[in-house]
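I opened the notebook to go through this model piece by piece.

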Amino acid sequence: MDKNYRALELDKILDLVAAETTCDDAAEAVRSIEPVKSAGEARLLLEETDAAFVLMAKFGGPSFRDLKNVSNPLRRAQAGGSLGMRELLDVAGTLRSIRSLQSWHDKSAGMRTALSDRFSVLTPNKYLEEKIFTSIISEEEMADAASPALAAIRRKIRNASSRARDQLDKLVRSPSHQKHLQESIITQRGGRYVVPVKAEFRGEVPGLVHDTSSSGATVFIEPMSVVEANNEIRVLQSEELEEINRILRELSAEAGEFADGIIHSYKCAVELNVIFAKAQTAYRMKAVTPTVREDGVTELHAARHPLIHKEKVVPTDISLGKSFDTLIITGPNTGGKTVALKTVGLLSLMAMCGLMIPAGEGSEVSVFDHILADIGDEQSIEQSLSTFSAHMTNIISILKAADEKSLVLLDELGAGTDPVEGAALAAAIIEELRGKGVKLACTTHYAELKAYALQTPGVENGCCEFDVESLRPTYRLLIGVPGKSNAFAISKRLGLEERIVDRAGELVSRESSEFEKVIGRLEEDRRKLQDELELAKKAAARARDSIREAEAKQAEAGVQAKRELEQARKEATDIVAKTRRQADALLNELDEMRRQKNKSLSAEQKARLRSGMRDMEASADPVHRREVGDYTLPRELRTGDNVLIFDLDKKAVVLEAPRDGQVLVQAGIIKTRVDVKNLRLLEEKQKDRPRGRTVTKNVSAPEAGTSLDLRGMNADEALMEVDSFLDRVGRMGLAQVTIIHGKGTGVLRAAVQKHLRRCPGVKSFRLGAFGEGESGVTIVELK
């Protein structure tokens, strides 16, 4: 890595990102990142990081577990070689990780992001993945299900072993042989079943001697009765080994057929791992995506050096390149000058590497061809160089490399030699660099450079604020204000006699004294203005809070009023419907009476009866109806017309033509008669519209609960869901969660608990107690 980048500690930032990766290739790729030199490339990299940041916020981070570099084994398989069980399991694990990534991305299928194309080129191979996992149990054991032939061979081995053990059981239990045996047990020597016989009785048990104990007191004899069974077992074991090798060759050949696709998907997965590691680092730093420029302008708001602990770092605003191209930072030692200098360079480098920066919204950085730095003690004993000589050697190389697309950062410019000569040399170096068109920020203690900045257009003073009362720096960078040394004030506060301090003041030249006094007055005025600005900001914030509170209350009142109105309308509708039912019952009763008495009601009687019913409906309706107004229907209402019941603000459909000033309409499931004057004919274009609803779907993050239900899943799917769930709840800071796997056969529970033992974020786990789900759930306590 370039020594200038190391001076700004970019390598330490990349180490932080590498720690967030999950595979060695991704970590190595992170450490080899080089800053890009064009704004377009930087914007593309930042866009990808920002897309990963947003996806992680909505769906949690994807799992890159089991992702391993299997390129060499796959190329060997492609060339016809046979892979071992461990290598095939690595291939299957990588395929599972690739499938997990695509499955995770499918959750956000509705979102088109800068990473969509990267995810689209992933090619899972579930067939090969499942075939390998079904065939191989571990790196030392092949499953019976790998092939019917292997299952048959192993069944024969078990049968032959059973016969041999039965024969030996009879022998060790035989009373006639009890005294011959050292112990009544069956053991193996060289893969053959034997019994331990006392050395003095070796002739009493006919068979083959396979071994002798170290003391010579015991011989291990294979009785003649089991020799044939042992021979059969050995033959079958040879067949088993041959079948296992055949299965491995077959699986290797299939893996070789898909080698190109798997290797390409692996490389894409590694690149995604790098991008999500950048996003995870940004999440930990509380970083933002800056605006990337190429005109040399840097505008940082509330910038924080990422390597200083978040409890100790002080946010600061830094500007360079807009109204001035050179910033000269002055102030006392340990005041934060060097940190401010490093922050400008490091945040620019981070953006050029596609990393979000720890700063406030609206921050801007520029892309430079060269970022050149002379920071820290460059003294070299090996080269017999003093501090001044080492710094000058560094500055000479900077002067040679600098151009108009360079950012130059110089710490303690001109220090280490005679102050007069050092100040003059520093001013000359600044002028030379400015002549090359660079963007320059430097720190110094020289008063001459403060005056130079005040007198030279395009050069600006800056200082790190220092609280003389508490003798502590505030670490805030103030642009436009030259720094004051504060040497006399600090000495006096520390207890140096006042007469000594006064005498020192007399020895200082009149010009220097006056200059320091001017700076002091400027600082005092700035503090007063700063205090007034803080008060104004607080007052504005209180006003904004009051406005927001009033708006919230107004909105809440509006919602409440609407809710109460809807409730009142519903109650009114219920009352009207009830009254209508009562009226219908009354009419039915009158019709029945007419039929029984063979009488008929006159039209006048019917009209009077209907009028009474309308009065009953009106008295039963508690809704305050709106005034009908002077509206006139544009034409006669016809059956099928869409109308609006004006006082209820309800849409309805005309069922019958008007009669006696009343119209039968249907509003929802309610049929009722309404006064013609209370109806508004809806326009034809509204009438012709379909009655469907338009539903707007808002894609948002799934709600993260404290439980995960795995029932119905197989073990592989369940483990991927467990990883994603633990990552999500870990980010939320939950202490305890519940994983529901059901009771069933216990296979899923065993797989989950075995996996939890390997999860670094899990502190402990247990089965549920009574009332928690008992053996159907696992309670997980997180670190």
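**Entry 1: salt bridges**

I searched the whole structure for salt bridges and got 39. The model is predicted, so I kept in mind that side-chain atom pairs count only at pLDDT 80 or more. Side chains of opposite charge can pair when their charged atoms come close.

I began with Arg6. The side chain of Arg6 forms a salt bridge with that of Asp11, at 3.4 Å from N to O. Are the two partners buried or exposed? Arg6 is partly exposed, at 45% relative accessible area. Asp11 has 19%, which counts as buried because the cut-off is under 20%.

Next I looked up Arg86. Its salt-bridge partner is Glu139, with 3.4 Å between the closest N and O atoms. I then checked where the two sit. Arg86 belongs to helix α6 (residues 85–106), and Glu139 to the loop between β1 (136–138) and β2 (141–142). The pair is 53 residues apart and links distant parts of the chain. Arg86 is partly exposed at 36% relative accessible area. Glu139 is partly exposed too, at 45%.

Arg635 is partly exposed, with a relative accessible area of 24%. Asp641 is buried, with 3%.

I also noted a network. Salt bridges link Arg65, Asp66, Arg96, Asp716 and Asp723.

**Entry 2: the four-stranded sheet**

Which strands form this open sheet, and in what order? I read four strands in the order β3-β4-β6-β5, with antiparallel pairing. β3 (187–189) and β5 (207–212) stand at the edges. Each has a single partner strand, so one side of each is left without a neighbour in the sheet. On average, neighbouring strands are turned by 50° against each other, direction ignored.

β4 (residues 192–198) runs antiparallel to β6 (residues 218–223), and four bridges join them. Lys198 stands opposite Thr218 in β6.

Then I asked which helix packs on the sheet and touches β4 and β6. I found helix α9 (residues 148–173), whose direction makes about 15° with that of β4. Helix α10 (residues 227–257) lies across β4, β5 and β6. I noted that α10 runs at about 140° to β4.

**Entry 3: the five-stranded sheet**

I moved on to an open sheet of five strands. The order is β20-β19-β18-β17-β21, and the pairing is antiparallel. The edge strands are β20 (670–675) and β21 (679–681), each pairing on one side only. Neighbouring strands here are turned by 45° against each other on average, direction ignored.

How many bridges join β19 to β20? I read six, with β19 (residues 662–667) and β20 paired in the antiparallel sense. Gln662 has Asp675 as its bridge partner in β20.

**Entry 4: nonpolar cores**

In soluble globular proteins, nonpolar side chains tend to be buried together. I looked up the largest nonpolar core and found 76 residues in it. Leu115, Phe119, Phe276, Met350 and Ile357 touch the most other members. Helix α11 (residues 259–285) gives the most to this core, with 12 residues.

I picked Phe276 and listed its contacts, leaving out residues up to four places away in sequence. Phe276 touches Ala52, Met56, Pro62, Phe64, Trp104, Leu115 and Phe119. I then noted a second, separate core of 24 residues, including Val70, Ala77, Leu248 and Ile262.

I ended on one residue. Where is Thr778 found? Thr778 is in strand β25 (residues 777–782). Its relative accessibility is 0%, so Thr778 counts as buried.

What does the side chain of Thr778 make a polar contact with? I found the side chain of His741, at 2.7 Å. I also listed the surroundings of Thr778, again not counting residues up to four places away in sequence. Thr778 touches Val737, Thr738, Ile739, His741, Gln753, Leu756, Phe765, Arg766 and Leu767. His741 therefore goes into my notes as a residue that Thr778 touches, since contact means heavy atoms within 4.5 Å.

Notes
Residues numbered from 1 in each chain as written. Predicted model: local features only at pLDDT ≥ 70, side-chain atom pairs only at ≥ 80, totals over all residues. Heavy atoms only, no water. Core = buried A, V, L, I, M, F, W, Y, C linked by side-chain atoms within 4.5 Å. Buried < 20%, exposed > 50% of the residue type's maximum accessible area, 1.4 Å probe, protein only. Helix = DSSP H or I, 4+ residues; strand = E, 2+ residues; numbered from the N terminus. Pairing = 2+ DSSP bridges. Axes fitted to C-alpha atoms, helices over the stretch in contact; angles between N-to-C directions. Salt bridge = Lys/Arg side-chain N within 4 Å of Asp/Glu carboxyl O. Polar contact = N/O pair within 3.5 Å; in protein donor to acceptor, adjacent residues only side chain to side chain.
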